[in-house]
Structures are given as C-alpha cells and as structure tokens.
Amino acid sequence: MTENRGFIACTGLVLLTALAWAVPVSAGWSRSVRLDEPGTWQEFQSAATSGEAVHLVWSARTYEEDKIEGIFYRRSEDCGESWTSPALLAEVPLVWHSLEVAAWGDDVHVVWNEWKTSRIGVYYSVSRDGGASWSEPERISDATKHAYAPVIAVVADTVVVAYRRGGQSGRRMVVEASSDAGRGWVRHVIPRRDGDIGVLTHDVALEADPSGGVKRVHLVMSTPSSSKEASQVWLQSSDSLGKFWFRPLRLDEGQKAGFRSTVDLRIEASDSGVQVVWSRLPRLEILHKGTVKGEITRE
C-alpha cells in the first residue's frame, strides 16, 4: 500500500498532540509542538498520513461562551515541519465515544459520533483536495438507532466504517462500505450467533494486494467482561466488503486467568497477514496475535 509509506517517517507526529509544551528529546525525534488552541478541553484525537502529508483531527469544547465547540483539523505537507492554522470541520455540541481520520492520496476521510437528534449517530465528512475543503457532515448510520464508536479504514477508493449499534436485542456490529471513495454506502449488519453477549471494543483493517485492490475486510472485536466471564477477543473477516463473513476466529484462547476487560484493541492488515494487539485489565499486559491469515476458513 504505497500511500502508507509516509507512516514510518511520520509516526512521531501522533505523539505530539499529547504534549502541551516543547521539551528536549533524543536524537532522531523532533521537539514537541502544541497543535491545539490553549484554553480548550480536548476529548478525542486522531492522525493519519499519506506520503509526507499528516492530517490531524481533534474534538474540543470549553465552558466559555465565546468559544465554538466542535471538530478541528490541521495538516502538514512536510511531515510535521509546518502546519496549517486550525480549521473547524463541524460545529458539534458534544462528540461521543470516537473520532477517527484516514487518508489515501488527496482523499481524507473523517468519522465521529454525535448526539444531534434523539439518537447518537455516526457522521462522516470527506476532503477531495488533501484537506483544503470539506464536504458537509453526513449521517451514515441508521437514524432510528443509536450508533457508537466508529472506526475507519481506507485503501484507494474503498472506504469501510465499522461501528457498534445499540438496540433492545443487544449490541450489534455494523459495517458501512463504500467502493467510490465515500460517495455512496452499503450497510451490512454482522450476523449474531448463539451465545453472543455483545461487543465492547473493536477495530477494522483492509487487506489489499500490491495494486491496491481490497481482498478482505478484517474486523476485530472484544466481548464485555462480567463477574463470571472474562472478555474474549474475536476476529471476523469478509472477502465481499461485509456482505458475507468467514467463520469467527477467537484470538485469546489460552489467556492467563485474572484478566477481565479488553482495552486498546488494534488491528493492521497487509498482503502478508494480519496483526492484532490488545491489552487486558486489571493487570495491564500487552498481547499480540500475528499472521492469522492462514487460519481463516469459510462457514
């Protein structure tokens, strides 16, 4: 995936937004630079790279009447050496659960949670010119149901957004897939199976061939923990952009006793396999499962 080559060179930029002042750092790293506006309260942030371009989004709010609450955006065209001024992407009274950005070439995609109507929804905006201008926010989740914690992945013109949907029958995972760079969406609700107890954390990744064609969508998720059951980590994959799914694969079998909740669940995919990383509480331990590609089988 050629558009992601800039990630290695720009990885340090993701850390910059967590620091509020410049401090000395080791050789090979730039100094920390504050990129948000002083006097605001940041809740969520996300960064993406495409070549030497770095795209940063964050949500901010304040109790001062003269400030605007919403989602802000900055970009760098030189791997973080210089930055544009903060731009307001969407005036949002409150961002819930998630905010993510993904980029490929000049297309930059942003998804977030917003409670604008009687239902919490997943909203989407896209820039076709590298972040210079943006589309009007669009609700892509079902307006009749709550939708939480969207995650996004992009390869060329294929964009996939996954989120957790609430309902009386329990939590469900939903995939919104676009094959035309976010201009149109097809929704797929992942089937429930006997014994399903819902979904807590999740992430999505796209596996592509060298030419940029998407071969599979990989969705990793964890179940909630309880007083009797520890959280479980599962992988589900689709070779039809979410229309049909392979048999779920449990990734945490043989986990040590004493761990309950799963946090910081992340997945990356490439033509050589899938890598999944997660942590467990209350004893914090980082766990890894790699190259699970060969274990995926059809129902």
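1. Contacts of Arg 172. Leaving aside residues up to four places away in sequence, Arg 172 touches Tyr 163, Arg 164, Arg 165, Val 189, Ile 190, Pro 191 and Arg 192. The model is a predicted one.

2. Setting of Arg 172. This residue, Arg 172, belongs to strand β11, which covers residues 172–178. Its relative accessible area is 18%, so Arg 172 counts as buried, the cut-off being under 20%. A polar atom of the Arg 172 side chain lies 3.4 Å from the backbone oxygen of Ile 190. Ile 190 is also among the residues that Arg 172 touches.

3. The four-stranded sheet. Strands are arranged in the order β1-β2-β3-β4 in an open sheet of 4 strands, and the pairing is antiparallel. At the edges are β1 (41–50) and β4 (87–91), each of which pairs on one side only. From one strand to the next, the twist averages 20°.

4. Pairing of β3 with β4. Within this part of the chain, β3 (residues 70–76) pairs with β4 in the antiparallel sense, over 4 bridges. Gly 70 has Glu 91 in β4 as its bridge partner.

5. From β17 to β18. Strands β17 (residues 261–270) and β18 (residues 273–281) run antiparallel and are joined by 8 bridges. The hairpin between β17 and β18 passes through 2 residues. Val 263 has Ser 279 of β18 as its bridge partner.

6. From β18 to β19. Strand β18 also pairs with β19 (residues 285–290), in the antiparallel sense and over 6 bridges. Here the hairpin passes through 3 residues. The bridge partner of Val 277 in β19 is His 288.

How values were computed
Residues are numbered from 1 along each chain as its sequence is written. This is a predicted model: local features need pLDDT of at least 70, side-chain atom pairs count only at pLDDT 80 or more; totals for chains, interfaces and linings use all residues. Side-chain values use heavy atoms; hydrogens and water are left out. Buried means under 20% relative accessible area, exposed over 50%, partly exposed in between (1.4 Å probe, protein chains only). A polar contact is a pair of N or O atoms within 3.5 Å; within protein, one must be able to donate a hydrogen and the other to accept it, and residues adjacent in sequence count only if both atoms are side-chain atoms. Contact means heavy atoms within 4.5 Å. Two strands pair if DSSP finds at least two bridges between them. Axes are lines fitted to C-alpha atoms, for helices over the stretch in contact, and angles run from 0 to 180 degrees between N-to-C directions.
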